Amino acid sequence: RPSAPRDRRRTDLKDGDLPDVAWRAVPPHHLRRHPLFEPLPGAVDGLLSLEDVRRFPQASWQWEAVHAGRITTSSAVGALGLCEAGPAGVLGVPPGMKGRHRAAEACRRCRADPIATDLDGMREALLRGDGGGGGSEEERDAGEDGNVWRSNGGGHAFAADYLYAPSASELAERKRAAERRCASAEDDGVMATRMRWGTTQEPTAVLTALNYLCRNAAVTIREVGMCGAGLDLAPFAGERAPGAAALRLGSTPDALICHADGITEVLEVKNHCPFYFFHATSPRNRDSAGHQYSLRRSRGHPFPPDAAPGRGTGSACVPPIYVPQLMMEMLCVGPECQSAVLVRQTALDGAVLARVRRDDGWIREALHWLGRFVDEFVVTGLTPPENFFRGERHDAFVARTLELAEGAEAIGYVRHGDIQRGRSSPLFLD
């Protein structure tokens with residue numbers, strides 16, 4: 001007997017007005033309960049060193065507070081001059097990530113007053129109120145969801161089965177949130193959708209790395225907060241700008257990869273938003289039945305399934321603009337961290353994993369430019385001019401950044417169907 005035709009009205013929807021940024025996403029409080037994921041403690045009861053602030057999770061007010069007055073990974077690319085027109089053209093920086101505003105924003109953040117500068121000050125400022133755990137009971141424990149994972153033995157694609165299904169009330173709230181987001185001004189609503197997709201899908205991409213890396217090795221994925229508060233830059237002294245001695249850095253990897261042999265790597269994930277926005281004047285609106293958004297597939301897959309893992313896969317696997325973030329994360333985690341794993345995940349075209357090796361020569365040069373940025377613009381209050389670091393030495397720094405991206409090592413490709421997500425649902429809520 002022929003099988004009954006499936007209802008394809010919703011799953012085949014290619015256009016819509018309410019993109020679901022939480023589409024099949026595993027929320028962070030569920031990821032924390034995975035048997036191979038090591039979460040941060042629910043509360044921080046003491047600080048033995050400045051570096052212990054890494055025990056505050058991203059959901060906490062303490063994590064936000066310790067960023068004040070620091071150059072972090074989000075501001076470093078602007079401070080390094082890599083978002084200016086000249087270097088951005090060499091590195092192929094996407095339009096949304098380049099522009100003079102990136103350096104101005106870096107200045108603004110660096111000029112903020114720090115919450116504290118020594119250990120006693122950190123203790124007084126951060127160890128109060130909620131005990132430093134941050135986040136609600138639902139965020140940290142998710143006790144009301146029961147057991148959302150069921151461990152698997154060897155030979156399975158996933159280390160554990162994901163058992164959770166969203167309730168009708170949860171889906172209704174997601175739809176209301178999408179309506180509020182899309183009711184914003186056109187440009188604000190589009191940017192909010194892209195950014196929310198990246199942050200909401202982050203735990204799912206971390207789970208992709210966990211499933212892939214734990215398949216053939218004893219690996220634990222560990223949650224971590226902001227690293228670098230106790231960073232000692234003395235080993236990188238060399239020839240640096242005066243401001244480099246007073247640099248206050250910080251970075252928060254999406255997780256740490258802890259191998260059984262003691263090796264630690266940083267894990268960084270990037271989620272590529274699948275929603276393409278139709279401007280009201282766009283002729284393509286005629287093809288979308290008047291809807292605001294359409295799905296877009298990846299333009300040229302960054303790591304084709306038939307490519308062999310190895311060294312030198314090119315900057316298509318690791319875009320050069322991500323190199324500063326990965327290098328800063330390795331620096332801030334500590335000298336024992338000698339590599340970073342980058343996951344680039346799409347909604348419909350799978351995910352790629354690549355490894356970038358630490359380069360202390362690049363880090364020393366980056367500290368030189370960050371020191372100059374502090375001396376010439378942060379301290380003086382001056383606005384960085386266009387292409388403010390251009391010259392032979394900076395051009396060589398840009399070229400080396402490109403080389404590091406092109407020398408990335410491909411780890412593997414995960415097909416769309418092999419990515420672990422929540423229950424099947426449409427990408428649009430309308």
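Strands β1 and β11 (residues 293–295) run antiparallel and are joined by two bridges. They belong to an open sheet of three strands in this predicted model. Elsewhere, strand β14 pairs with β15, and helix α12 meets helix α5.

**The three-stranded sheet**
- The strand order is β1-β11-β10, and the pairing is antiparallel.
- β1 (15–16) and β10 (275–277) are the edge strands, each pairing on one side only.
- G16 has Y293 of β11 as its bridge partner.

**The β14–β15 pair**
- Strand β14 (residues 351–357) lies antiparallel to β15, with five bridges between them.
- Strand β15 covers residues 409–414, and five of its six residues are buried, so the rest of the structure largely encloses it.
- Strands of a sheet pair through backbone hydrogen bonds, either parallel or antiparallel.

**Helix α12**
- Helix α12 spans residues 360–378, which is 19 residues.
- From first C-alpha to last, α12 reaches 25 Å, close to the 27 Å expected at 1.5 Å a residue.
- At the start of α12, D359 places a side-chain oxygen within 3.2 Å of the backbone nitrogen of G361.

**Where α5 meets α12**
- The axes of α5 (residues 101–110) and α12 come within 11 Å and cross at roughly 85°.
- Angles of 65 to 115 degrees count as roughly perpendicular, so α5 is roughly perpendicular to α12.
- On the α5 side, A103, A106, C107 and C110 make the contact.
- On the α12 side, F373, F377 and V378 make the contact.
- An α-helix has 3.6 residues a turn, so residues three or four places apart point the same way.

Methods:
Residues are numbered from 1 along each chain as its sequence is written. This is a predicted model: local features need pLDDT of at least 70, side-chain atom pairs count only at pLDDT 80 or more; totals for chains, interfaces and linings use all residues. Side-chain values use heavy atoms; hydrogens and water are left out. Buried means under 20% relative accessible area, exposed over 50%, partly exposed in between (1.4 Å probe, protein chains only). Helices (H or I, at least four residues) and strands (E, at least two) are DSSP runs, numbered from the N terminus. Two strands pair if DSSP finds at least two bridges between them. The expected span of a helix is 1.5 Å times one less than its number of residues. A polar contact is a pair of N or O atoms within 3.5 Å; within protein, one must be able to donate a hydrogen and the other to accept it, and residues adjacent in sequence count only if both atoms are side-chain atoms. Axes are lines fitted to C-alpha atoms, for helices over the stretch in contact, and angles run from 0 to 180 degrees between N-to-C directions. Angles under 35 degrees count as roughly parallel, over 145 as roughly antiparallel, 65 to 115 as roughly perpendicular and the rest as oblique. Contact means heavy atoms within 4.5 Å.
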